[in-house]
Structures are given as C-alpha cells and as structure tokens.
Amino acid sequence: MQEYATASLLTLSASTTNKPIISSYGTIPLLVEILRDGSSQAKIDSVMALSNLSTHPDNLSIILETNPIPLIVDLLKTCKKSSKTAEKCCGLIESLVGYDEGRTSLTSEEGGVLAVVEVLENGTPQSREHAVGALLTMCQSDRCKYREPILREGVIPGLLELTVQGTPKSQPKARTLLQLLRESPYSRSEIEPDTLENIVCDIISQIDGDDQSGKAKKMLAEMVQVSMEQSLRHLQQRALVCTTTSDIPITSCASEVSSK
C-alpha cells in the first residue's frame, strides 16, 4: 500500500500547481520517513517526489528541516551512479547545500562528499552537472572550510574531464571549482598565465598519494591532447570553408549583384 501511495504522490508532484498543495498536507516529512524505512521502490519514488517538490521555493526549506541528506546519501551510495535515481539525489543535494545546514549535513555524513564525487565521475551528463554544481556551491560559500574535504575525495580527474567533455553548464563550473581548489584562488602574474594547466599543476602538487596525483597528471595530459585535437579540427573546418568560398566564380557573384 505504501508503494502505491508514494507512486501516486510522485505522479501528482510533477504538476507545478500541485506542489504547494501537496506540501500543505504535511506530506514532505512522510516522504522523508519513507526514504528511511520504505521498500527499495518506495525510496526511489520518494526521492523523486521530493526532487519534484523542491523546485517550489517554499518547499525547499521544509525539506531541509527534516534533515534528509543522510538518507539521500545512503540511497546515492547504493544506486547505480548513471541512474535516474542518482540524478534526482544529486539534484536535491545541489539545492540543499545552498543552505549552511545542508552543507554541514553533507560533510558530516560519512562518505557524503565522496558519493557526490563518484556521480561527478560516472553519472549521466545531467547528474554530473548537479554534482559539480553542489561542490562548487559549497566551495564558494566557504572555501577555507570545504576545500580540503572536496580535494580529499579525489575530485580532480573528474573535474578535468568535465572541463573538456561536460555540458555547456558543467564546463565553466568545473573550471571555476578547479580555480577555487588551488592553494591560492587568485590569478598569477602576466609572466605566468593563469591557464587551466597551471591551475591543475598547482593542485596536483598539493595532493597526497601517488595514485591520485598520477591519475590527475594523466587526465591533464589527455585533456590537453583533446583540446589540441579540437583546435586542429576547427582550423581544418575553417580552411575548408575558405577553400570552398574561393572556388566560387567571381563573374557569377557579379552577375547576381547586377541582377538585383
């Protein structure tokens, strides 16, 4: 019976009109309880319903009051990182870490930041967008407090990949987060340009452990290679356009102008 009720709320919560009505009946704490004690399917439907409800401005604070992040993290740890469930979990986390209570809850939960980093590495494009958004929000709110917990979970390789292969929204967020994760977030002098490579080299020099550092260096080399290949393709395309344009007879162009 619980599964049917949760599934019904999930369907109803998709409607913008229904969102404030659903929360007015006190259903948000009940959905969080299902997230704690429900069946596997009920938990999935519950987090998706909460995700839908969170897009209404008044509902997000109500969700936050129920302290759902430990339960969301538990579900995120067990689900496939490329699943729709992971996407909804990360979307909720991204919204909740906009509040100090949400950030504190995520970093206090064992494996909380790591779970987000794993989605950043292995999730769908939309999930990765939510994951990098959540980490960036945390670092921007208090860089000194959250920089180390984020770096500790080996986030650099995933961020490097996002700067090249992420969505149009993910790429600038990844670059900004890499900038904040440096020892100094400020730009270098003109003599030593503040390129992405320099930013990452700064970070790599501070990472403990050969595995993380080696993986990050390899990702950096691959990122530079991909960037060079993209630039070469762009130049080739421009050269092709120029060649094609030069092949157009001038007389035909002149005749077109005169006929107008």
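1. In this predicted model, helix α10 (residues 125-141) and helix α13 (residues 170-180) have axes that come within 9 Å and cross at roughly 35°, and the crossing of α10 and α13 is left-handed.

2. On the α10 side, the residues that meet α13 are Pro125, Arg128, Glu129, Val132, Gly133, Leu135, Leu136, Cys139 and Gln140, while α13 contributes Ser170, Lys173, Ala174, Thr176, Leu177 and Leu180.

3. Which residues of helix α3 are buried? In α3 (residues 27-37) they are Thr27, Ile28, Leu31, Val32, Ile34 and Leu35, and because they cover an arc of only 155° around the axis, they lie on the same side of α3. An α-helix has 3.6 residues a turn, so residues three or four places apart point the same way.

4. The face of α3 turned away from that buried side carries Leu30 and Asp37, which are exposed, whereas the cover over the buried residues of α3 includes α1 (2-13), α2 (18-24), α4 (40-54), α5 (57-65) and α6 (69-78).

5. Taken as a whole, the protein chain has 16 helices and zero strands, and 44% of its 260 residues are buried. Of the contacts in the chain with a separation of 6 or more, 66% join residues 24 or more positions apart.

6. As for the surface, the protein chain exposes about 14000 Å², of which 55% is supplied by carbon and sulfur atoms.

Conventions
Residues numbered from 1 in each chain as written. Predicted model: local features only at pLDDT ≥ 70, side-chain atom pairs only at ≥ 80, totals over all residues. Heavy atoms only, no water. Axes fitted to C-alpha atoms, helices over the stretch in contact; angles between N-to-C directions. Helix = DSSP H or I, 4+ residues; strand = E, 2+ residues; numbered from the N terminus. Left-handed = near helix turned anticlockwise from the far one by under 90°. Contact = heavy atoms within 4.5 Å. Buried < 20%, exposed > 50% of the residue type's maximum accessible area, 1.4 Å probe, protein only. Arc of directions from axis to C-beta. Areas by Shrake-Rupley, 256 points an atom, 1.4 Å probe, with all protein chains shown as cover.
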